[in-house]
Amino acid sequence: STQSTWGGPRPLTRCSKKSQEVKAAVIAKPVAEAQKPAAKPAGAKADDWAKEQQAALVAALKELKEYNKPDKFDKVAAQVQGKTKAQCQERYQFMEERFRNKQKADAQKAARGGV
């Protein structure tokens, strides 16, 4: 029976162990969900870059703009603390793609009369 002898709801202490485990799991799930990091905004890279790292990458790319040897990104990565050659190359490609997409969107906007 789900009621006590006096007619009210049965006290929690009389619930079965399994039912207490289920209640604990139901309560714990929203708490665990709330503690998860917030979802990344659309277009955000999984490999986050600090402002300082981004600035160092841009500065290194500007400095080595005319340097076109295979070790270019080795030299770039040496100037970006905490990032590898592969991470710097990936970030460069991401930045380049974003730039091209913005240019395309701006051209389309201009073609529509700035609307």
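**Exercise 1. Determine whether Tyr92 is buried, partly exposed or exposed.**

Solution. Step 1: The classes rest on relative accessible area: buried is under 20%, exposed is over 50%, and partly exposed lies in between (1.4 Å probe, protein chains only). Step 2: Tyr92 has a relative accessible area of 31%. Step 3: Tyr92 is therefore partly exposed.

The model is predicted: local features need pLDDT of at least 70, side-chain atom pairs count only at pLDDT 80 or more, and totals for chains, interfaces and linings use all residues. Residues are numbered from 1 along each chain as its sequence is written, and side-chain values use heavy atoms, with hydrogens and water left out.

**Exercise 2. Identify the aromatic pair found in a search of the whole structure, and classify its geometry.**

Solution. Step 1: Rings of Phe, Tyr and Trp (its six-membered ring) pair if their centres lie within 6.5 Å; planes under 30 degrees apart count as stacked, over 60 as edge-to-face and the rest as tilted. Step 3: Phe73 belongs to helix 3 (residues 72-78) and Tyr92 to helix 4 (residues 85-111), so the pair links distant parts of the chain, 19 residues apart; helices (H or I, at least four residues) and strands (E, at least two) are DSSP runs, numbered from the N terminus. Step 4: Phe73 counts as buried, at 12% relative accessibility.

**Exercise 3. State which residue has its charged end over the ring of Trp49.**

Solution. Step 1: A charge sits over a ring if NZ of Lys or CZ of Arg is within 6 Å of the ring centre and within 35 degrees of the ring normal. Step 2: The residue is Lys83, whose charged end lies 4.8 Å from the centre of the Trp49 ring.

**Exercise 4. Describe the setting of Gln53 and the backbone atom that its side chain reaches.**

Solution. Step 1: Gln53 is located in helix 2. Step 2: With a relative accessible area of 17%, Gln53 is buried. Step 3: The side chain of Gln53 reaches the backbone nitrogen of Ala50 at 2.9 Å.

**Exercise 5. Summarise the secondary structure and burial of the protein chain.**

Solution. Step 1: The protein chain has four helices and zero strands. Step 2: From the N terminus on, the order of elements is α-α-α-α. Step 3: Of the 115 residues in the protein chain, 17% are buried.

Terms used:
A polar contact is a pair of N or O atoms within 3.5 Å; within protein, one must be able to donate a hydrogen and the other to accept it, and residues adjacent in sequence count only if both atoms are side-chain atoms.
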